[in-house]
Amino acid sequence: MTVSETAVPPVVNIADALGRFTEQWAQRRIGGVNDYDVKVAKVQGEFVWHTHDDTDELLLVISGRLTVRFRAGDVELAPGEFVVVPRGVEHCTAAEEETSILLLEPTGVVNTGNAGGPMTKAARALESS
Ligand code: NI
């Protein structure tokens, strides 16, 4: 008997997860798909321009409005919309109002990519608010 036959997998409610922390620009891990993390974050204001040299990054808006800036121009995301930032492409996220997003990217990817700086934060488990 495999593990999958002994227990049903947990259901994750994204709204509940978002209700369990208030810190902005601080990713929380809410699940995993193989070696990818499913993460959520609350963002407001403007992040830093950065690049992820080794991976694409999926950004899905749950609530609010997200601007993703590229050197080629901006995209605007409403709830239910996502963009995949291609690996190696410089980008910067911004939101006028507090916006909740879901991210999908490999475990260990740093939020500020190659840029570093004070906004760099490792993704944390949801339990540690
Ligand atoms: Ni990024």
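The largest cavity has a volume of about 150 Å³. A cavity is a set of points on a 1 Å grid over the protein atoms alone where a 1.4 Å probe fits but cannot get out. This is a predicted model: local features need pLDDT of at least 70, side-chain atom pairs count only at pLDDT 80 or more, and totals for chains, interfaces and linings use all residues. Residues are numbered from 1 along each chain as its sequence is written, and side-chain values use heavy atoms, without hydrogens and water.

**Cavity**
- The structure holds one cavity of 30 Å³ or more.
- Its lining has 14 residues (an atom within 4 Å of a point).
- Trp25, Gln27, Phe47, Thr93 and Leu103 lie nearest the centre of the largest cavity.
- Strands (DSSP runs of at least two residues) E2 (36-46), E3 and E7 each supply at least two lining residues.
- E7 gives the most, with four residues.

**Nickel site**
- His50 (NE2), His52 (NE2), Glu57 (OE) and His91 (NE2) coordinate the nickel ion at 2.1 to 2.2 Å.
- Donors here are N, O and S atoms within 2.8 Å of the metal (3.2 Å for Na, K and Ca).
- Along the chain, the donors follow the spacing H-x1-H-x4-E-x33-H.
- Glu57 in strand E3 (residues 57-63) and His91 in strand E7 (residues 91-106) link distant parts of the chain, 34 residues apart.

Key. On a 1 Å grid over the protein atoms alone, a cavity is a set of points where a 1.4 Å probe fits but cannot get out, and a pocket is an open set with protein on both sides within 12 Å along at least five of seven lines; lining residues have an atom within 4 Å of a point. Grid points are joined across faces, edges and corners, and a volume is the space filled by probe spheres set on the points.
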